[in-house]
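Hi,

Here is the structure I said I'd pass on.

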Amino acid sequence: MRDFKFRVQNVQSNSTDEAVLDFARSGKLMPMNQILVWSLRMCWLPFACRWQSREREVELQSARDAIYQLEKQIEYIRDSFNLERPGCYEVTATQKGQTISAAEPKLQPIAQAELPVELPGAYDLNALGFDDL
């Protein structure tokens with residue numbers, strides 16, 4: 001196992017960068033090294049696999065896993081802050097005297113949105129890969 005040290009310099013005081021680094025350092029959710037490695041893996045592992053010239057199927061599976069983890073993180077943020085989920089509605093506009101209709105994304109409150117069927121391990125940090133750091 002390799003040992004990495006994470007050091008950030010010149011973070012502006014009272015900035016969002018300082019806030020997120022302080023939160024990660026606090027260990028409120030999990031140890032800082034797990035947050036950092038998991039976040040990097042979630043966003044960048046498929047590109048790292050491609051960079052290392054891994055097998056195509058390994059690249060694709062890491063991309064699928066990253067997308068799954070990102071989608072679960074989006075759900076976790078929405079649920080934690082009671083944010084709306086995307087839905088659909090009809091938009092009409094007039095262009096040169098003609099009415100144009102199209103379906104556009106609409107945000108619906110969670111209470112009105114049809115919630116997707118939960119996948120196994122939803123919000124289970126171990127199921128999202130935190131356990132193997």
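Asparagine 10 is exposed, since its relative accessible area is 80% (buried means under 20%, exposed over 50%, partly exposed in between, with a 1.4 Å probe and protein chains only). Asparagine 10 lies in the segment before H1, and its phi is positive, about 55 degrees, although it is not a glycine. Most residues other than glycine have a negative phi. Asparagine 82 also has a positive phi, near 50 degrees. You'll find asparagine 82 in the loop between H3 and strand S1 (85-95), and at 60% relative accessibility it counts as exposed.

Before you go further: this is a predicted model, where local features need pLDDT of at least 70 and side-chain atom pairs count only at pLDDT 80 or more, while totals for chains, interfaces and linings use all residues. Residues are numbered from 1 along each chain as its sequence is written, and side-chain values use heavy atoms, with hydrogens and water left out.

On confidence, the mean pLDDT of the protein chain (pLDDT being the predictor's confidence in each residue, from 0 to 100) is 77, and 65% of its residues reach 70 or more. Helix H3 (residues 56-80) has the highest confidence, at 94, and strand S2 (residues 98-108) the lowest, at a mean of 57. Over residues 108-123 the pLDDT is below 50, and that stretch has 26 contacts in the model beyond near neighbours in sequence (a contact means heavy atoms within 4.5 Å). Residues 128-133 also stay under 50 in pLDDT, and the model gives them 16 contacts beyond four places in sequence.

As for the fold, the protein chain has three helices and two strands, in the pattern α-α-α-β-β along the sequence. Helices (H or I, at least four residues) and strands (E, at least two) are DSSP runs, numbered from the N terminus. Of the 133 residues, 17% count as buried. Among contacts between residues at least 6 apart in sequence, 44% join residues at least 24 apart. The accessible surface comes to about 10800 Å², with 54% of it belonging to carbon and sulfur atoms; areas come from the Shrake-Rupley method with a 1.4 Å probe, and for residues only the protein chains shown count as cover.

Then there is a nonpolar surface patch of about 560 Å², made by Phe23, Leu29, Tyr76, Ile77, Phe81 and Leu83. Leucine 29 sits in the loop between helix H1 (16-26) and helix H2 (32-51), and counts as partly exposed because its relative accessibility is 36%.

What about the cysteines? The structure holds zero disulfides (a disulfide is a pair of cysteine sulfur atoms within 2.5 Å). Cysteine 43 is partly exposed, at 34% relative accessibility, whereas cysteine 49 is buried, at 3%.

And which residues does serine 62 touch, not counting those up to four places away in sequence? They are Leu45, Pro46 and Cys49. Serine 62 belongs to helix H3 and is buried, with a relative accessible area of 8%.

Cheers

Note on methods. Patches are made of residues with over 30% relative accessible area and no salt bridge: like charges are joined within 9 Å, nonpolar side chains (Val, Leu, Ile, Met, Phe, Trp, Tyr) within 5 Å. A salt bridge is a side-chain nitrogen of Lys or Arg within 4 Å of a carboxyl oxygen of Asp or Glu.
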